[in-house]
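Hello,

Here is the structure I promised to hand over. Please have a look at it first, and then read my notes below.

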Amino acid sequence: MSGHIKRITPEGVKPEKWRIVVEAGRGADRKRKRIKKVFVGSERAAKNEMVRLRAELKAGLYVEPQKWTLAQYLEHWLETYGKPNLAPSTYASYERIIRKHISLALGQTWIEKVHPMQIQAYYSKKLQNGRRDGTGGLSARTVQYHHRVLREALHHAVKWQILMRNPADACEAPRPSRPEMSVLDAEGVSTLLKSIQEHPDRDIFITAIFTGMRQGELLGLRWQDVDLNKRVVRIQQAVGFIPKLGFVFREPKTKRSRRQVVLPQMAVDAIARRKIQVTTDKLFIGSDLYKDHDLVFCNNAGAPLDPSGLSRRFKKIATKVSPPKLRFHDLRHTHATMLLSQGIHPKVVQERLGHESINITLDTYSHVLPGMQEDAVAKMELALGFESGPQVGPKQAKNK
């Protein structure tokens with residue numbers, strides 16, 4: 001099976017483009033068949049690609065490339081890559097972004113014709129008027145997420161040799177400003193604890209403050225992962241609610257998220273109270289009706305708590321303490337900030353929170369570090385015998 005290559009771009013023009021033509025025999029109608037392909041790269045790489053195509057033809061492994069629109073490819077990607085490899089919650093969000101936004105705007109373009117300028121214009125339009133109800137633009141963080149989804153999908157198109165390069169790589173996603181973090185100080189924590197004494201969600205609120213666990217990890221915590229004698233819990237699963245699918249149990253998001261968290265006494269007491277409550281609920285409802293998922297924090301029938309409902313109930317309570325816009329997730333931030341402000345090493349905080357790297361911890365809570373530096377300098381001066389503040393030399397001990 002013969003073949004040849006021919007330069008498309010003029011000599012010296014970068015990037016070099018070549019037309020590859022490989023003879024593929026004759027079809028049932030006796031007409032000569034040829035494989036034609038445009039290749040971007042060096043002449044040597046183009047020749048190697050021609051050899052590869054000839055080898056696939058000879059071995060009967062060549063697959064005729066499909067003519068796909070971007071929408072058709074993205075549906076194929078969701079089915080063949082998304083479902084087997086993405087967490088259910090991640091798949092649901094990817095599916096929504098693709099079907100409700102990306103495919104509607106860019107889906108009719110042939111995938112090999114998708115240009116970086118089209119993608120960049122899409123981001124700009126979404127920022128200006130991207131809400132489906134027509135009330136304004138999407139946030140920079142949301143559009144950045146659209147970029148991540150599209151870029152990941154087209155990355156696989158390159159790996160699967162559908163595209164030569166990823167057009168999303170040449171685009172700039174909007175950079176969202178870091179949202180202002182709301183945290184409670186010691187007085188705020190004390191005020192919150194007093195305000196929730198009779199609240200039905202008291203124990204999960206307390207555990208969140210004193211462990212820094214994510215909401216999904218708290219809702220997925222099982223009794224089999226709790227050891228109150230050793231005062232530890234093991235984070236082995238999380239739970240979330242996905243429209244059309246209901247409650248979904250899954251493994252923690254990263255390897256670091258699978259961790260052991262030591263419990264302070266307040267959290268031990270809160271979980272112990274839950275043990276009594278769960279046992280009482282089982283006896284009252286009966287084993288036939290009780291939906292036993294082995295959950296620590298659940299409703300009276302044993303089913304998982306609705307995350308949105310829990311967040312709403314906490315927000316209502318938070319209006320009584322400062323800052324008023326406190327979210328449930330800010331209890332995690334509060335836990336980390338309290339530890340760092342007390343001089344606990346960031347590595348310990350990273351392990352308790354389950355961050356993938358210590359850089360995430362340092363970057364997220366950088367606002368605490370200036371005060372820590374001042375404290376560190378003061379302790380160093382004290383250890384060396386200096387007074388705090390400008391000195392000309394060590395403080396001389398007075399003779400008695």
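Phe249 is partly exposed, because its relative accessible area is 33% and partly exposed covers the range between buried (under 20% relative accessible area) and exposed (over 50%), with a 1.4 Å probe and protein chains only. This residue is found in strand β7, residues 246–250; helices (H or I, at least four residues) and strands (E, at least two) are DSSP runs, numbered from the N terminus. Phe249 also belongs to a nonpolar surface patch with Phe241 and Phe247, and together they have about 260 Å² of accessible area. For such patches, residues need over 30% relative accessible area and no salt bridge; nonpolar side chains (Val, Leu, Ile, Met, Phe, Trp, Tyr) are joined within 5 Å, and like charges within 9 Å. The areas come from the Shrake-Rupley method with a 1.4 Å probe, and for residues only the protein chains shown count as cover.

Before you go further, please note that this is a predicted model, in which local features need pLDDT of at least 70 and side-chain atom pairs count only at pLDDT 80 or more, while totals for chains, interfaces and linings use all residues. Residues are numbered from 1 along each chain as its sequence is written, and side-chain values use heavy atoms, with hydrogens and water left out.

Now to the aromatic rings. A pair of aromatic rings is described by the distance of the centres and the angle of the planes. Rings of Phe, Tyr and Trp (its six-membered ring) pair if their centres lie within 6.5 Å; planes under 30 degrees apart count as stacked, over 60 as edge-to-face and the rest as tilted. By this rule there are 10 aromatic pairs. One of them joins Tyr73 and Trp160, which are edge-to-face because their planes are at 65°, with the ring centres 6.3 Å apart. Tyr73 lies in helix α2 (residues 70–85) and Trp160 in the loop between α5 (140–159) and α6, so this pair ties together parts that are 87 residues apart in sequence. Tyr73 is buried, at a relative accessible area of 0%, whereas Trp160 is partly exposed at 36%. Phe241 is partly exposed, with a relative accessible area of 44%, and Phe247 is partly exposed with 32%. Elsewhere, Trp77, Tyr81, Tyr94 and Tyr145 make up one aromatic cluster.

Some rings have a charge over them, meaning that NZ of Lys or CZ of Arg is within 6 Å of the ring centre and within 35 degrees of the ring normal. Lys275 has its charged end over the ring of Trp223, 4.5 Å from the centre. Lys67 lies over the face of Trp110, with 5.1 Å to the ring centre.

How many salt bridges does the structure hold? There are 24 salt bridges, each being a side-chain nitrogen of Lys or Arg within 4 Å of a carboxyl oxygen of Asp or Glu. Among them is the one between Arg34 and Glu23, at 3.0 Å from N to O. This pair links distant parts of the chain, 11 residues apart, with Arg34 in strand β3 (residues 32–40) and Glu23 in strand β2 (residues 17–26). Arg34 is partly exposed at 40% relative accessible area, while Glu23 is buried at 15%.

Arg313 and Asp201 form another salt bridge, and their closest N and O atoms are 2.5 Å apart. Arg313 is in helix α10 (residues 307–318) and Asp201 in the loop between α6 (186–195) and α7 (202–211), so the pair ties together parts that are 112 residues apart in sequence. Arg313 is partly exposed at 32% relative accessibility, but Asp201 is buried at 7%. Arg222 and Asp225 also meet in a salt bridge, 3.0 Å from N to O, and both residues are buried. Finally, Arg7, Glu11, Lys14 and Glu16 are linked in a salt-bridge network.

As for cysteines, the structure holds 0 disulfides, a disulfide being a pair of cysteine sulfur atoms within 2.5 Å. Cys171 is buried at 7% relative accessibility, and Cys298 is buried with a relative accessible area of 7%.

Best wishes
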